[in-house]
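Take a moment with the sequence and the 3D view before reading on.

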Amino acid sequence: MSLPFLPGNSFDRKLGQERHHKSHHFDHCNSVSMLVGEHKPGIGGEKLLGQKPKPQNSRIPQGQGNAAPAWVAFDRQVLRFDAYFQEAVHEKSQEQFRVRKCKIYLYLEDDSIQVIEPQVNNSGIPQGTLIRRHRIPLPPPNDDQFYTMENFNVGTELMLYGRTFKLTGCDQFTYNFLRKAGVRVNPPESTPGDPYKDYRKGMDESQQPLRPYEKVDTLKQFLDHDRHVLRFYCYWDDTDNMFGDTREMILHYFLADDTVEVKEMIPANAGRDATPMFLRRARMPMSGPEPLQQPGKNTGRTVLNVFGPMGHGGRYILDSLKTGAVHTEYYKASDLKIGTQMNMWGRKLTLCDCDDFTKEYYRSKYGVATFTPLNYKGEAAPSMKREWPPYTGFGSEEDSLCSCMGLLPKPPRRDFIKFMEKDRHGLDSNVIRFVCRLDTTKPIDTDRRFILSYFLSDDTVSVFEPPVRNSGIIGGKFLERNRIKKPNQERFGTELSEYYQARDLYVGSRVNFHNHIFVLIDADEYAFRYMEKHAQEFNVSNINSIIQKLGQIASQNMEQIKEFFKRNDPEGTGKLEYDLFRNLLVQLGGSSLAEHEIMTVARYYSDSQDDKMPLEALVSVAQEQLRRSNFENFAKLAEGLQSYDTDRSGFVDAELVRKTCRAFHLPLPDDLVRALLFRMDKNNEGKVNYEMFVRYLNWRDAPVSLPPYQPPPTKLDEAWSGQEKRDNVLRVNYSALLGTLFPDQS
């Protein structure tokens, strides 16, 4: 039995309450006092009597995990329902109402709704978006609330702005989502039919076509052969007409739509206007030109007079079989082949040849194997060599020749690209200089020395004589900078004269400058390095070609070479003075070896080059080259060297090390390997420490932290006179040279 509701018999609900504030219910809106806190609670946050909470959004059960906001958790998640609504039709006897199908989308992120009606052909009704996306309020008296997910289910009716929508179904995603949310989804319902729409559909199906349906599928042909064009080279023989000749043309056949266009190849000075197209693109009939047809003969439809007079009272039917239609045959791809004579609107066009794409097309589709072109031009007339008038002596030869090439003389064009590449860039002067002397028997001119400078940018030469005190000869500029012609050439000839090039200048060569014969006896360091760097342009600095020449000479004088080295190197050090080495090569080679070639070999196998760079720089250069070549076979290399170390001392002969490196295809030049072996530790017998050598080469396990070594650039010494003592090559390592010449005997 409950206690009566009397003072002292009921519990005080405010007992223990700490909040006693009042909610703000009244306010001014547009200067009007009104209730604004209808949904706000009473004193202390308690609900007022009869007040119910009104949900603002859909109530979706919260799952496990982070409580992400709705606009994140339900982004791009939409519920789709199939619906229809019935629309009344007034003042029309054929129909009284219409059933219009539509799609209703509910966006879960903000409970917004969108209604879209699919397009129907020939409906005459504006269709598409019926209601744009926004939140839709409930019908009165609950128009202060909005539709949420709880209002949607299959079979329910929705009142959207006075129009009733009946939901008939939903998609699979919507069905699964509602099931997971705890909603029992009703089975789908059928949409009622529209009587007037069914009537129109029956009328359309009962109509008979004017003629049997003919399907001409041109889209497939266009998609398969778009931009596929067959090209034929042809000619039109117009010699039967007065002043006619053979005219060359190009025929293009477009596989996409079986059309043809013809272009004429008009040669230069033909006297004809250069028209862009001889026959514009169109289908080409085989029986052209056709006579002009009577009006009504070639039409899209043909009618037959069944009975009755012409005009009023007659009866006609449509000729569905097209018995009186006019058919025209057009050229197709199967009709074109080399040797075919086409009828181009009355002109006989002969196909002579085709391009590679056309050959491949006919070979793959029609199995044509031979494509022998037709020769209709005959033998070409021999070309007449154009002879220029002889040089007049005024100006340069190029300038005089340009005045003969046109009515308006133009200055000769210089090689600007060569000038920009070979012009001076910083310390790179692109000027090679030689020391030369006069080839004369006059005692006063025998001791004179000259500096010959060759400028690579424009192939000009200048000669300067350094002044010598108490010589009785005034030094200075001997020859102005200019291009020098080679001797024994006709002065006033019809051909351009030949000038001295950079490849004609090397140590030991004889040049004739205006009847002054010079012998080149030396060069500066920049000239040697430039010629060795561009060895493909200078054969005298190409070490590979020189080694081949020395190999042929040494194979014929093997005993003489061994006796010479035994006599001049009794201790067997493998090194020889440069003068003795030069005398040997001069004695063996004679005139077949130039002085510059001897100096190139001596510089390449120079013994003094091994101690110029520090050991760390040599190792850095070697490791950088091995890293770029991706060489990592150091374990096998060590095993190969260890096979020669029979006493396990860790030392092997240097020549055996070089031979093993060549056997393993070590991507290092021979001079770098020799320089490294020269720096390795050696025992009393002169053998090198091969373990130390392999350890320095191993860029994987023992990389050098130094940056790659960059040799200092060769600077141009403006005061160089060629009289300084050269100490670049003092001794030559002839044992390394013999190992290169005879690798099998090393």
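Predicted model: local features only at pLDDT ≥ 70, side-chain atom pairs only at ≥ 80, totals over all residues.

Residues are numbered from 1 along each chain as its sequence is written, and side-chain values use heavy atoms, with hydrogens and water left out.

Let's start with strand 17, which spans residues 431–438. Helices (H or I, at least four residues) and strands (E, at least two) are DSSP runs, numbered from the N terminus. Strand 17 is mostly covered, with 7 of its 8 residues buried. Here buried means under 20% relative accessible area, while exposed is over 50% and partly exposed lies in between (1.4 Å probe, protein chains only).

Which strands does strand 17 pair with? One is strand 18 (residues 449–455), which runs antiparallel to strand 17 and is joined to it by 7 bridges. Another is strand 22 (residues 516–523), again in the antiparallel sense, over 5 bridges. Two strands count as paired if DSSP finds at least two bridges between them. Strand 18 also pairs with strand 19 in the antiparallel sense, over 5 bridges. Because 6 of its 7 residues are buried, strand 18 is largely enclosed by the rest of the structure.

Here are some of the facing residues in these pairs.

| Residue | Opposite residue | Strand of the opposite residue |
|---|---|---|
| Val-431 | Phe-455 | strand 18 |
| Arg-437 | Val-519 | strand 22 |
| Ser-453 | Ser-462 | strand 19 |

Now for a residue in the turn. Asp-459 sits in the loop between strand 18 and strand 19 (460–465). The hairpin of these two strands has 4 residues between them, and Asp-459 takes a positive phi near 60° there. Is Asp-459 buried or exposed? Its relative accessibility is 13%, so Asp-459 counts as buried.

The side chain of Asp-459 makes a polar contact of 2.7 Å with that of Lys-418, and another of 2.9 Å with that of Tyr-454. A polar contact is a pair of N or O atoms within 3.5 Å; within protein, one must be able to donate a hydrogen and the other to accept it, and residues adjacent in sequence count only if both atoms are side-chain atoms. Leaving out residues up to four places away in sequence, Asp-459 also touches others, including Arg-483, Tyr-500 and Gln-501. Contact means heavy atoms within 4.5 Å.

Elsewhere, Thr-350 belongs to strand 16 (residues 347–354). Thr-350 is buried because its relative accessible area is 12%. Among the residues it touches, beyond four places in sequence, are Tyr-233, Cys-234 and Leu-374.

Further along come two stretches, residues 556–591 and 632–667, that an unreviewed UniProt entry annotates as "domain: EF-hand". Residues 556–591 are 67% helix and 8% strand, with the end C-alpha atoms 16 Å apart. For residues 632–667 the values are 53% helix and 6% strand, and the end C-alpha atoms are 11 Å apart.

Last stop: helix 17 (residues 670–679), which is mostly covered, with 7 of its 10 residues buried. Among those buried residues are Asp-670, Leu-672 and Arg-674.

Terms used:
UniProt positions renumbered as here; feature names shortened; annotations may be inferred.
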